[in-house]
Amino acid sequence: MSSVEQETNGATGRPLTAQSQALETGAAMVQNFAPVKQICAHLNAFHIYADDPNRCVESNHYCTHLNEDVRQCIIYDAPGSNARLIGVEYMISPALYNTLDASERKLWHSHVYEVKSGMLVMPSPSRMPNAAWELAETKEMEDVIGLYGKTYHFWQIDRGDKLPLGEPALMVSLTQDGQGGEELKRMWKERDEKFGVSTEVKKEKRQGIEEPEVHAGG
């Protein structure tokens with residue numbers, strides 16, 4: 001069977017051979033993966049397509065801090081070892097967002113609804129006491145709520161693509177209840193069950209997080 005007739009880990013192609021696995025293991029033992037070792041947060045939420053708000057995608061963000069004003073996240077479709085890298089998101093502070101011109105601002109989105117609705121979560125490590133993790137997550141939400149994000153997805157997994165096809169798609173976050181339709185409701189419920197979280201509980205705990213003014217274009 002040829003490569004184009006096989007599928008492995010959600011992508012067209014053959015499984016890794018024993019030789020490839022051995023080379024992969026060896027490289028992991030000796031090479032320096034400094035950029036990805038700086039990842040300090042796993043955030044899970046849903047993105048919708050800027051040109052079609054009825055299409056939504058679960059997004060696992062693995063983020064690093066370039067500095068106090070800029071974060072960068074690689075986005076996967078799942079949190080497992082065979083997850084597909086589907087996009088990137090940059091996050092900037094309001095101070096930097098204010099320096100952007102009007103046309104550029106249209107490409108960025110606010111995180112206010114994601115935080116206040118309980119949609120944005122930081123999945124808990126196993127064996128971590130829930131109360132301690134809730135405190136850490138709430139502190140992270142206090143930092144994220146004021147940031148603006150610019151997100152592109154390269155792989156449109158929601159339509160069943162087995163490769164990253166076509167032009168990158170600009171993605172945005174939800175800004176109000178009702179967006180995403182019934183499909184989002186289903187995915188959201190499944191997400192909560194998968195990570196063992198309650199959106200309603202998180203929404204309640206975040207009532208005290210101050211809601212910043214959302215600037216025009218975001």
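Student: Which residues does His47 touch, leaving out those up to four places away in sequence?
Tutor: His47 touches Arg55, Cys56, Val57, Ser59, His61, Ile75, Glu89, Glu114, Thr151, His153, Met171 and Val172. Contact here means heavy atoms within 4.5 Å. Keep in mind that this is a predicted model, where local features need pLDDT of at least 70, side-chain atom pairs count only at pLDDT 80 or more, and totals for chains, interfaces and linings use all residues. Residues are numbered from 1 along each chain as its sequence is written, and side-chain values use heavy atoms, with hydrogens and water left out.

Student: Okay, where is His47 found?
Tutor: In strand β3. Helices (H or I, at least four residues) and strands (E, at least two) are DSSP runs, numbered from the N terminus.

Student: And is His47 buried or exposed?
Tutor: Buried, with a relative accessible area of 1%. Buried means under 20% relative accessible area, exposed means over 50%, and partly exposed is in between (1.4 Å probe, protein chains only).

Student: How far is the C-alpha of His47 from that of Gly180?
Tutor: They're separated by 9.2 Å, though the two residues are 133 residues apart along the chain.

Student: New topic: which residues have the most contacts inside the largest nonpolar core?
Tutor: Leu43, Val115, Met119 and Leu120, in a core of 24 residues. A nonpolar core is a set of buried Ala, Val, Leu, Ile, Met, Phe, Trp, Tyr and Cys residues joined through side-chain atoms within 4.5 Å.

Student: Which elements each supply at least two residues of this core?
Tutor: β3 (41-49), β4 (52-65), α5 (112-116), α6 (130-144) and α7 (181-195). The largest share, four residues, comes from β3.

Student: What other core lies apart from it?
Tutor: One of nine residues, among them Tyr49, Val57, Trp155 and Met171.

Student: Back to Val115, what is it in contact with?
Tutor: Leaving aside neighbours within four places in sequence, Val115 is in contact with Leu120, Met141, Val144, Ile145, Arg206 and Ile209.

Student: Let's do α6. Which of its residues are buried?
Tutor: Trp133, Glu134, Glu137, Thr138, Glu140, Met141 and Val144. They're on the same side of α6, because they cover an arc of only 160° around the axis. That arc is the one of the directions from the helix axis to the C-beta atoms.

Student: What covers them?
Tutor: The cover includes β3, β5 (70-76), α5 and α8 (199-205).

Student: And which exposed residues are on the face turned away?
Tutor: Ala131 and Leu135.

Student: Where does Arg191 sit?
Tutor: In helix α7. Arg191 counts as buried, at 0% relative accessibility. Not counting residues up to four places away in sequence, Arg191 touches Asn44, Ala45, Phe46, Glu58, Gly118, Met119, Val121, Val197 and Thr199.

Student: What about Asn9, where does that one lie?
Tutor: In the loop between β1 (7-8) and β2 (11-12). Asn9 counts as partly exposed, at 43% relative accessibility.

Student: Zooming out, how many helices and strands does the protein chain have?
Tutor: Eight helices and nine strands. Buried residues make up 40% of the 218 residues in the chain.

Student: And what does the C-alpha trace span?
Tutor: About 55 × 40 × 35 Å along the principal axes of the chain.
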